[in-house]
Amino acid sequence: MGDTNLVIGGKEFSSRLIVGTGKYSSMEIMKRAHEASGAQIITVALRRVSLPSGESLLDHLDTTRYTLLPNTAGCYTADEAIRTCYLAREAGLGEMVKLEVIGDPRTLFPDVQGLLEATKTLAKEGFTVMPYTNDDPVMAKKLEDAGAAVVMPLGAPIGSGLGIRNPYNIKIILETVTVPVIVDAGVGTASDAAIAMELGCEGVLMNTAISGAQDPVDMARAMRLGVEAGRLAFRAGRIGKKLYATASSPLEGVPDWTS
């Protein structure tokens with residue numbers, strides 16, 4: 001059974017796993033984890049491009065191999081996020097952006113009003129906007145109508161590792177919008193990624209679940225396999241859920257040896 005690629009802003013990607021660049025213990029481990037993940041899109045928080053060593057994070061990323069996804073992490077207003085995206089484009093990082101407008105520093109939940117405003121502006125300016133939002137189907141539809149190329153509802157708070165807390169809302173979002181749905185934030189392990197894909201999401205974006213693992217390289221590989229398995233299971237179609245047992249070996253047509 002063949003499958004299509006993930007399409008974002010007219011570009012095709014065979015990998016449905018998007019990974020980040022933050023919190024790794026070393027640049028070498030980051031590069032090995034990226035390799036193990038099979039990801040083709042790598043997020044870069046523009047406010048953290050400069051490393052303590054004075055180097056640029058971009059010096060450690062193979063831009064001929066990976067598509068960089070500038071990220072407005074740390075922006076708390078629509079204007080701030082919009083300016084950051086303009087700077088990314090001027091720096092040659094392209095027009096595909098992960099848009100964050102944070103509303104609360106403790107939970108890192110999005111400011112959906114600011115997010116919607118920024119999405120409208122950036123989409124009109126030709127950006128391929130990938131907004132990080134809450135798991136609200138109404139807001140997901142508004143973001144699509146505002147020009148978002150995908151919608152990225154959180155599975156759980158950023159960095160929490162709690163997994164998909166409300167799969168039912170994610171399912172409703174999938175039924176509400178026509179653009180790709182990519183779960184962003186909250187994934188903790190490979191089974192969480194598989195669940196997101198089994199729901200029908202087009203992809204999963206993560207950072208801390210890999211970089212914060214005891215073995216980031218092995219976790220990156222596990223996440224790759226989880227995404228692939230979840231996608232395959234979704235396309236294969238799971239059996240329906242039943243309250244009572246159904247024999248796996250049907251008795252119809254079997255001779256009654258007791259008579």
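This is a predicted model: local features need pLDDT of at least 70, side-chain atom pairs count only at pLDDT 80 or more; totals for chains, interfaces and linings use all residues.
Local features need pLDDT of at least 70 and side-chain atom pairs count only at pLDDT 80 or more, while totals for chains, interfaces and linings use all residues. Residues are numbered from 1 along each chain as its sequence is written, and side-chain values use heavy atoms, without hydrogens and water.

**Figure 1. Overview of the protein chain, with eight helices and ten strands.** Helices (H or I, at least four residues) and strands (E, at least two) are DSSP runs, numbered from the N terminus. The radius of gyration is 20 Å, close to the 18 Å that the globule rule gives for 259 residues, so the chain is as compact as a globular protein of that length. This radius is taken over C-alpha atoms, and the rule is 2.2 Å times the number of residues to the power 0.38. Along the principal axes, the C-alpha atoms fill a box of roughly 85 × 40 × 35 Å. Of the 259 residues, 47% count as buried. Buried means under 20% relative accessible area, exposed over 50%, and partly exposed in between (1.4 Å probe, protein chains only). Contacts (heavy atoms within 4.5 Å) were also sorted by sequence separation. Among those between residues at least 6 apart in sequence, 63% join residues at least 24 apart.

Figure 2. The ring centres of Tyr-86 and Phe-127 are 5.9 Å apart and the planes stand at 45 degrees, so the pair is tilted. Rings of Phe, Tyr and Trp (its six-membered ring) pair if their centres lie within 6.5 Å; planes under 30 degrees apart count as stacked, over 60 as edge-to-face and the rest as tilted. Tyr-86 sits in helix α2 (residues 78-90), and Phe-127 in the loop between α3 (112-124) and β7 (128-133), so the pair ties together parts that are 41 residues apart in sequence. Tyr-86 is partly exposed, at 28% relative accessibility. Phe-127 is buried, at 5%.

**Figure 3. Close-up of Lys-23, a residue other than glycine with a positive phi.** The phi value is near 75 degrees. Lys-23 belongs to the loop between β3 (17-19) and α1 (27-37). Its relative accessibility is 64%, so Lys-23 counts as exposed.

Figure 4. The loop between β9 (182-184) and α6 (190-199) holds Ala-185. With 9% relative accessibility, Ala-185 counts as buried.
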